[in-house]
Amino acid sequence: MIAFIARRLASGIVLAFVVVTGMFFFLKLTGSDPARGALGLYATEDQVETRRLQLGLDRPVLEQYWDWLSHALRGDLGMSSAQNTPVIDLLVTRLPVTVSLAVGAILVAALLGSLLGVLAAINPGRFDRALQVTMVLGFALPNFWVAIILALVFAVKLRWLPATGYIHLTDDPLGWLRTITLPIIALSIGSIAAIAQQLRNSVITVYSQDYVRTLRSRGLSSRSILLTHVLRNASPPALTMLSLQFIAAMSGAAIIERVFALQGIGSVAINASGNSDIQVIMGVLLFTVLLVVLVNLIVDVLYSALNPKVRAA
Amino acid sequence: MTDAMIIDDAPVASLRRLRRFVRNPLGMGALAVLLFITVAAVLAPILAPYDPGLIVLSETLLPPSPEHLLGTDASGRDVLSRILWGGRVSLQAGAIMITTAVLVGVPTGLLAGYFSKWFDGLASWVSNLLMSLPEILIIIVVISSLGSGLAPTMITLGVLASPDLFRLTRSVVITVRGELYIDAARVSGLGNARIIFRHVLSVIVGPLLVRASFVFGLAIIVQSGLEFLGFGDPTRPSWGGMLSEAFNTFFRAPELVFAPGIAIGLTVMSLVILGAAIADALGSERATKVRAGKRSVLSGTAPVIVEADKPAESATPASALLRVENLRITYPVQDGGDKAVVDGVSLYVGKGEILGLVGESGSGKSQTSFGILGLLPPEASVSASLLTLGGESLLGRTEAEMQQLRGVRMAYVPQEPMSNLDPSFTVASQLVKPMRYKLGISKADAVERAHALLSRVGIVDTKRTMAAYPHQLSGGMAQRVLIAGAVSCDPELLIADEPTTALDVTVQADVLELLRELQRERNMAMILVTHNFGVVADICDRVAVMQNGLIVEQRPVAELFADPQHPYTKMLLDSTLEGAPARGQRVPVQSPGQPIGKDAS
């Protein structure tokens, strides 16, 4: 088991390394100009050149890369070229917002998606068809549009929840819940549908397996067969779907943040992109990829706990 | 998906699929909506009543009117015209993304599936990598380098979506590669590339269309999301950009968010429904099975056995442990009728007796067994004039009542040991749980009993076997575990469905011997389903011969071997005596009622 986790972790780190390295060279070699980005369109060529020297952009790309990587490994992500603040400070203040959104949405999706998926599998007919329709809607309506409509109904018209702003969990837990509820609903609808659909299909597939009939021939109750044997065998594909949905939720969060004026990582990345602020872009990328690696690792561990063959392999 | 598109590619089949698609109203509706949207977007320069960029500052935020059917936006531009023009951006975005995804995903999938060496490893690794990238961040990186033009973003998104098509193509190729006709094609001298083109591409077109419609929908959603974030050309009207602008005037005119949102939702929904309709038309077997409607699982899985109209004839002795008279099992067929797989079977088993149930594949032996156990799928209809176990009638019993009887009164040994053990649980838990539940004994007692049972069925290292998962067992071991499980709660009747067919020849005799010993020790009644007269002669007391859902002859073994009456019995016996297995032989059918192959034997 430990060897398995170590192997998955190593492959995750390789993945993060490849992505970050690839993106670094992509940014450097396609002509992003952080100096021009920081100073704006109206700065003179001399000013930009001075800035370029300050930022060390005149050095060979490989040297710059090594510089960035060796500092990053020590936890130093450098300075934002546009704002003159340490990148790490930006991330530490902004990341919790995005992570609460994505993690919250994925937890809600896991819970509700599993429940609905199982119910649809064992209740063919109207309930199942209703879920199919919801699935299509959940996919077809852009989540930021759903977010706008939610804000319109629950914040503007009904005034139940705030339309904008974010309160930190540590400052006021109830306030945090109120600010995060609508964004999480908007972000989770698509994932709920995707997970429910996946689990529905795999529960139905598992029910047709020979061993379910044999378990029934032993006289076990339908409920106990469903809750232990069927669910356990049906959950691995749903888990894979969950990790894919988490990646989608990280992307979705960046857009949803704009609707609710949340100061998350999305707006940081968008500003950095406008200013060609390579240090900040790299920092955001590194953190996001590491987060994805972490979530994939958790899913792998759960997966192997459920599936004895994976553990042995 | 992968097993859905096995290979019948005759033109007839594609015609049938086309007809199935055309008959699907939802799919045709979606297609019509998409055609409408496409035409509207293409003809936008002609159809749009105004220039979409025409700013009229005196006419901002007008409500819908005959002049402006959808009103005007915050700059006084006509919303309808902008919706029409905006469709062009969405459709272009989708076209660029899907083209890229297909161009990247399909060829790599073909190569990876066909030459499954280092290239497959590398491509699969890259595909996993692409799938773990949050798309918006990558797009932000690309935009900061290459600008926010439609082509670079959508090409990047196409690359990010390509793993989906890569995996699809690869799995289809691997399936097809395993098919014999590829070998045949190779033997007849076609080169590798030709083989790929001729066979594999024709197989994946359908599934590819299904995926493509989803990817197209995804493209529209992500592209509008980027526009909403401000990564777009503000001079070019687009649905996402309109949403972004509407959001800026959200408090003054919230209704402006509806038109672009509905345009996006409607287009993507049509694409998804179109994809589903194509998938349906391709006739994924699972899809039809899943949609069959009658598949309630928690409330009464198996059909209740109904009392037949025909009265019982008392053709079976009243003292028998199990009496079955006129058992009929039917399944609904496509054209609306019913087909009988078991058509009036009567049989009985006395206490401590072994009845051999013999017949070729598809004769209804397994269906009869499952009918008695109450383990038929919900779509089956079952009736009988008489069905008693130990004098109690099983007719009309609910699933919960049948469940009480299973395990303790009657038990079942399956044919294929490996697929009949739950792969995710240890042998111990699969043995112990039913005993605790059915016998109400403590866990320690159940564990002790399980050890005793395993050692009784001939497993030496019971401790190791108890801790093992099914995939760690050999077929013979697994079957011994299943037999131990079947007898663990002391049933009076054991139904063994071809218990040795799937086993290695060397262990077949041992397992059969084990069953006979257990039957004698416990004085169980047993129905042994088999197609092998050698087995019958070895251990059965009486034998019932089944053909096409009917029992054609039922007599004590010695009598039957000495003087077979029915021509079918004679034929089966002859083929056995010649040393050939009885499988696959055919004699003319003597009675109506063709089985439909539900028999698992």
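A residue is called buried if 20 or more other C-beta atoms, placed from the backbone, lie within 10 Å of its own, exposed if 12 or fewer do, and partly exposed in between. Helices (H or I, at least four residues) and strands (E, at least two) are DSSP runs, numbered from the N terminus.

Good morning. The model is predicted: local features need pLDDT of at least 70 and side-chain atom pairs count only at pLDDT 80 or more, while totals for chains, interfaces and linings use all residues. Residues are numbered from 1 along each chain as its sequence is written, and chains are lettered from A and ligands numbered from 1 in the order in which they are written.

I begin with helix 18 of chain B. Because 12 of its 13 residues are buried, helix 18 of chain B is largely enclosed by the rest of the structure. Among these buried residues are B:Met477, B:Arg480 and B:Leu482. They pack against several elements of chain B, including strand 8, helix 15 and helix 19 (505-522).

Chain A comes next. Its secondary structure comes to 13 helices and zero strands. Of the 313 residues of chain A, 48% count as buried. Its C-alpha trace spans about 85 × 55 × 35 Å along the principal axes.

Finally, how many residues of chain B are in contact with chain A? The number is 61, and they meet 63 residues of chain A; two residues are in contact if their C-beta atoms, placed from the backbone, lie within 7 Å. On the side of chain B that touches chain A, helix 6 of chain B gives the most, with nine residues. Thank you.
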